[in-house]
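Hi,

Here is the structure I said I would pass on.

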Amino acid sequence: MNVNVEKLEGSRAKLTITVDSETFAKARDAAYKKNKNKISMPGFRKGKVPRKMIERMYGKGVFDDDAINMAAPDAYEEAIKDTDLEIISAPEFDIVEITDSDEFVFDATVAVKPEVKLGLYEGIEVAARKVRILKKDVDAEIDRVREQNARMVEVTDRPVQDKDIVKIDFEGFVDGKAFEGGKGEDYSLTIGSHSFIDNFEDQLIGASIGDDVDVNVTFPEEYHEPSLKGKPALFKVKIKGITEKELPKLDDEFAEEVSEFSLLEDYKKDVKKNLKEKREAEAKAAREQEAVEKAVANCVVDIPKQAIDSQVEEMAREFAYRLQFQGMRIDQYMQMTGLTTEKLLDDMRPEAEKRLKTRFVLEAIATEQNIEVSDEDLDKEIENAATMYGKKPEDYKADMTETDIKNMKLDLAVKKAAEYICDHADNYWKADDDAEKEEAMENEEEE
């Protein structure tokens, strides 16, 4: 195999790869074996037609398309091992020719890591952040835990109130006609959740079990179903049941049930401690994010479109996986939101470009500052990854390739570069209006 590399403008490169005739012949043979069961010819059983007979009838190149699809990816992967290119996108293949000597020649155009012109990244000014935990913060966190431990109680002696969960049957009508998707039975709706359109939920307040309620709403102009956009609608609703949350009493027994503490006051102190640790971590992360964003804005990077396209595709796969984890297919999401594939991908492009620019800048800073990743750093990261996947660190490491280890070390170097920017940043006082708010907070009762 022969490889010729041509550097192109815009941080791209073209690899012209020649697959030798022997290798391409094997790919043609594999393509024949893949397709022979689909081919019939008089005098032969299906799948038993000799390759030479097929090529004589349909031409020598009858299997070339499949052979090319089989040969090109492997040849490309082999070819890039012999180059020093830092490739950051999937290749775009372009067939050049199949020579008279049966060599297969093709081009693979790729985006390569762009040059980064570093600007100011030391002494970046970031907002000073002071972490204080007030009594209302502790109360809110405890209320959240109480909500999680609430029990549901059926209500029969009063009408619907805010925060109730009602069981309803409903059917929607537009212009006096029922519309598709507007009907439901035994539907559980939390009043005040705003999960239904307009003021639907508000109109159920005051109704009792067994009541029939006419609910008048207007679909929003941006509604995903075109035929319903901006249309007034009538929903006929039947109230079938009411339940409410009963929060546990706030006492020592509750503290013992939800924590390791037997006294409520000890539990409150622990909640405050954990909240403070959490807020401090959030403040540190926010400070680092602000410093990195400002440093990246001071740098110049020309990111190839091909690299952005690859990043968008990766983000789309991540998004589809998250939806699947939540029990929804990507096509269902598109139908519910009214988005098209093109719109979804276009919406991802700014974030994709931001991610790439940030990555390249941090890699450049890591190089300029000679940031190194120690064996101890690597072992700790492997241990964290192994814990996440429920494996022993030694087993996880044994499954890693050299490329996996190289990428992990590069990721750690990028993290260290972000920390470097943050550690070398300068604090500044907030604007007057923010300072006034902070001063007001100082006067609040602290837990």
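**Helix 7 and what surrounds it**

Helix 7 has 21 residues and spans 30 Å from first to last C-alpha, close to the 30 Å expected at 1.5 Å a residue (the expected span being 1.5 Å times one less than the number of residues). Helices (H or I, at least four residues) and strands (E, at least two) are DSSP runs, numbered from the N terminus. Before going on: this is a predicted model, in which local features need pLDDT of at least 70 and side-chain atom pairs count only at pLDDT 80 or more, while totals for chains, interfaces and linings use all residues. Residues are numbered from 1 along each chain as its sequence is written, and side-chain values use heavy atoms, with hydrogens and water left out.

Which residues of helix 7 are buried? They are Gln306, Ala307, Ile308, Ser310, Gln311, Val312, Met315, Ala316, Phe319 and Leu323. Buried here means under 20% relative accessible area, exposed over 50%, and partly exposed in between (1.4 Å probe, protein chains only). The cover over those residues includes strand 2, strand 3, strand 4, helix 8 (330–337) and helix 9. Just after helix 7, Gly327 has a positive phi of about 90 degrees.

The axes of helix 6 (residues 264–297) and helix 9 (residues 341–368) come within 10 Å and cross at roughly 85 degrees. That makes helix 6 roughly perpendicular to helix 9 (under 35 degrees counts as roughly parallel, over 145 as roughly antiparallel, 65 to 115 as roughly perpendicular and the rest as oblique). On the helix 6 side, Val292, Glu293 and Val296 meet Lys354, Lys357, Thr358, Val361 and Leu362 of helix 9, contact meaning heavy atoms within 4.5 Å. By class, this contact has 4 nonpolar, 1 polar and 3 charged residues. In that count, Ala, Val, Leu, Ile, Met, Phe, Trp, Tyr, Cys and Pro are nonpolar, Asp, Glu, Lys and Arg are charged, and the others, Gly among them, are polar.

Helix 4 packs against helix 6 at an angle of about 105 degrees, with the axes 10 Å apart, so helix 4 is roughly perpendicular to helix 6. Here Asp137, Val138, Glu141, Ile142 and Val145 of helix 4 meet Tyr267, Lys268, Val271, Lys272, Leu275 and Arg279 of helix 6. The classes come to 6 nonpolar, no polar and 5 charged residues.

Asp137 deserves a click. It lies in helix 4 (residues 135–148) and counts as buried because its relative accessibility is 15%. Leaving out residues up to four places away in sequence, Asp137 touches Arg132, Leu275 and Arg279.

Strand 10 (residues 212–218) has Val213, Val215 and Val217 on its covered face, and Asp212, Asp214, Asn216 and Thr218 on the uncovered one. In a regular strand the side chains alternate between the two faces of the sheet. Strand 10 pairs with strand 11 (residues 232–246) in the antiparallel sense over 7 bridges, and Asp214 has Lys236 in strand 11 as its bridge partner.

Where does Lys163 sit? Its place is in the loop between strand 7 (151–155) and strand 8 (165–174). Lys163 has a positive phi near 80 degrees without being a glycine, and at 59% relative accessibility it counts as exposed. Asp186, in strand 9 (residues 177–190), is also not a glycine and has a positive phi of about 50 degrees. Asp186 is partly exposed, with a relative accessible area of 43%.

Cheers

How values were computed:
Axes fitted to C-alpha atoms, helices over the stretch in contact; angles between N-to-C directions. Pairing = 2+ DSSP bridges.
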